[in-house]
Amino acid sequence: MTEERFKEILDAFLGDADLMVAVNGAATFEAGYELVAEKMPGLTLEEFKEAMDILRQVAMAGAGSTPVC
């Protein structure tokens with residue numbers, strides 16, 4: 001996936017708080033994908049999976065560097 005495509009997916013997903021909540025509450029990964037794909041025609045399941053994997057890695061890396069009180 002290109003950096004540009006990744007940014008497009010992030011803009012669609014993170015740029016809409018209601019969509020983000022709906023995707024997080026989706027019963028399955030595929031249902032979450034369908035919600036984002038409605039907003040972003042042409043999005044493939046593979047692109048969505050790759051983007052979500054990158055987001056998860058970034059979140060985990062950030063959580064690992066946060067001090068615990």
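Reader: Thanks! What sort of model is this?
Author: This is a predicted model, in which local features need pLDDT of at least 70 and side-chain atom pairs count only at pLDDT 80 or more, while totals for chains, interfaces and linings use all residues. Residues are numbered from 1 along each chain as its sequence is written, and side-chain values use heavy atoms, with hydrogens and water left out.

Reader: And what is the mean pLDDT of the protein?
Author: The mean is 88, and 91% of the residues reach 70 or more. pLDDT is the predictor's confidence in each residue, from 0 to 100.

Reader: Where is confidence lowest, and where is it highest?
Author: Confidence is lowest in H1, with a mean of 87, and highest in helix H3 (residues 29-39), with 94.

Reader: Good to know. What box do the C-alpha atoms fill?
Author: Roughly 40 × 30 × 20 Å, taken along the principal axes. The accessible surface comes to about 4800 Å², and 60% of that belongs to carbon and sulfur atoms. Those areas come from the Shrake-Rupley method with a 1.4 Å probe; for residues, only the protein chains shown count as cover.

Reader: How much of the protein counts as buried?
Author: Of its 69 residues, 26% count as buried. Buried means under 20% relative accessible area, exposed means over 50%, and partly exposed is in between (1.4 Å probe, protein chains only).

Reader: Which residues have the most contacts inside the largest nonpolar core?
Author: Val 23, Val 36, Leu 43 and Phe 48, in a core of 15 residues. H1, H2, H3 and H4 each give two or more residues to this core, and H1 provides the largest share, five residues. A nonpolar core here is a set of buried Ala, Val, Leu, Ile, Met, Phe, Trp, Tyr and Cys residues joined through side-chain atoms within 4.5 Å.

Reader: What does Phe 48 touch?
Author: Leaving aside neighbours within four places in sequence, Phe 48 is in contact with Val 23, Phe 29, Gly 32, Tyr 33, Val 36 and Leu 43. Contact means heavy atoms within 4.5 Å.

Reader: Changing topic: how many salt bridges are there?
Author: The count comes to six salt bridges, where a salt bridge is a side-chain nitrogen of Lys or Arg within 4 Å of a carboxyl oxygen of Asp or Glu.

Reader: Which residues are linked in a network?
Author: Arg 5, Glu 8 and Glu 47 are linked in a network of salt bridges. Arg 5 lies in helix H1 (residues 3-14), and Glu 47 has its place in helix H4. A polar contact of 2.9 Å joins the side chains of Arg 5 and Glu 47. A polar contact is a pair of N or O atoms within 3.5 Å; within protein, one must be able to donate a hydrogen and the other to accept it, and residues adjacent in sequence count only if both atoms are side-chain atoms.

Reader: Is Arg 5 buried or exposed?
Author: Arg 5 is buried, because its relative accessible area is 18%. Glu 47 is buried as well, at 19%. Beyond residues up to four places away in sequence, Glu 47 touches Met 1, Arg 5, Ile 9 and Gly 42.

Reader: What about Asp 16, which residue forms a salt bridge with it?
Author: Lys 39, with the closest N and O atoms 3.4 Å apart. Asp 16 lies in the loop between H1 and helix H2 (17-24) and Lys 39 in helix H3, so the pair ties together parts that are 23 residues apart in sequence. Asp 16 is partly exposed at 24% relative accessibility, and Lys 39 is partly exposed at 43%.

Reader: Last one: where do Glu 3 and Lys 7 lie?
Author: Both lie in helix H1, four residues apart, about one turn of the helix. Glu 3 and Lys 7 form a salt bridge, with the closest N and O atoms 3.3 Å apart. Glu 3 counts as exposed at 58% relative accessibility, whereas Lys 7 is partly exposed at 42%.
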